Amino acid sequence: MSEKKKVISVMIPTYNEEENARPIYEAVRDEIRKDVLKSVRDEGYDYEILFIDNKSQDRTRRIITDICAQDPKAKAIFNSKNFGQFNSPYYGMIHTTGDCTITICADFQDPVEMIP
């Protein structure tokens, strides 16, 4: 009987981040693949990247939709209205499926190297 893999969730809140949505996704994905999964490969870890968009008015939602269509490990929640900078990320966090959740800003305020 095989053990279920532990999942690392990275939650990225967005609001009008069309310039950053794809770059932050690629940076987070690459950092996870490079450092996290490599260092714990034998431990049986997996990951997910969850975007929660707070009713962006630019092309952020279209970009995130494209990312999710290309990568089954990327998921998105699109708020029906702007719930604010505290409620929206909280809602996203409770919808991650991982054993741990890391939140990271879409505008690169937080270096992706913090993930490991």
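## Strands, pairs and the overall plan

Two strands count as paired if DSSP finds at least two bridges between them. Strands E1 and E4 meet that mark, pairing in the parallel sense over four bridges. Keep this pair in mind as we walk through the structure, which is a predicted model.

The protein has three helices and four strands. Of the contacts in the protein with a separation of 6 or more, 80% are between residues 24 or more positions apart. Buried residues make up 38% of the 116 residues.

## The sheet

The four strands form an open sheet with parallel pairing, and their order is E3-E2-E1-E4. Strands E3 and E4 (100-103) stand at the edges with a single partner strand each, so one side of each has no neighbour in the sheet. From one strand to the next, the twist averages 25°.

Helix H2 touches E1, E2 and E3, and its direction makes about 150° with that of E3. Helix H3 touches E1, E2, E3 and E4, and its direction makes about 150° with that of E2.

## The nonpolar core

Now for the inside. The largest nonpolar core has 18 residues, and those with the most contacts inside it are Ile12, Ile24, Val28, Ile49, Phe51 and Ile104. Strand E1 (6-14), helix H1 (21-39), strand E2 (45-53) and helix H2 (60-70) each supply at least two residues of this core. H1 gives the most, with five residues.

Not counting residues up to four places away in sequence, Val28 touches Val10, Ile12, Ile49, Ile104, Val112 and Ile115.

Helix H3 (residues 84-94) has Ser88, Pro89 and Gly92 as buried residues. Seen down the helix axis, the buried residues of H3 fall within an arc of 95°, so they line one face of the helix. As a general rule, an α-helix has 3.6 residues a turn, so residues three or four places apart point the same way.

What covers the buried residues of H3 includes E1, E2 and strand E3 (74-78). The face turned away from the buried side of H3 carries the exposed residues Phe86, Asn87 and Tyr90.

Take a closer look at Ser88, which lies in H3. Its relative accessibility is 3%, and the cut-off for buried is under 20%, so Ser88 counts as buried. Leaving aside neighbours within four places in sequence, Ser88 is in contact with Ile52, Asn54, Asn79 and Phe83.

How many disulfides does the structure hold? The structure holds zero. Cys68 has a relative accessible area of 22% and is partly exposed.

Terms used: Residues are numbered from 1 along each chain as its sequence is written. This is a predicted model: local features need pLDDT of at least 70, side-chain atom pairs count only at pLDDT 80 or more; totals for chains, interfaces and linings use all residues. Side-chain values use heavy atoms; hydrogens and water are left out. A nonpolar core is a set of buried Ala, Val, Leu, Ile, Met, Phe, Trp, Tyr and Cys residues joined through side-chain atoms within 4.5 Å. Buried means under 20% relative accessible area, exposed over 50%, partly exposed in between (1.4 Å probe, protein chains only). Contact means heavy atoms within 4.5 Å. A disulfide is a pair of cysteine sulfur atoms within 2.5 Å. The arc is that of the directions from the helix axis to the C-beta atoms. Axes are lines fitted to C-alpha atoms, for helices over the stretch in contact, and angles run from 0 to 180 degrees between N-to-C directions.
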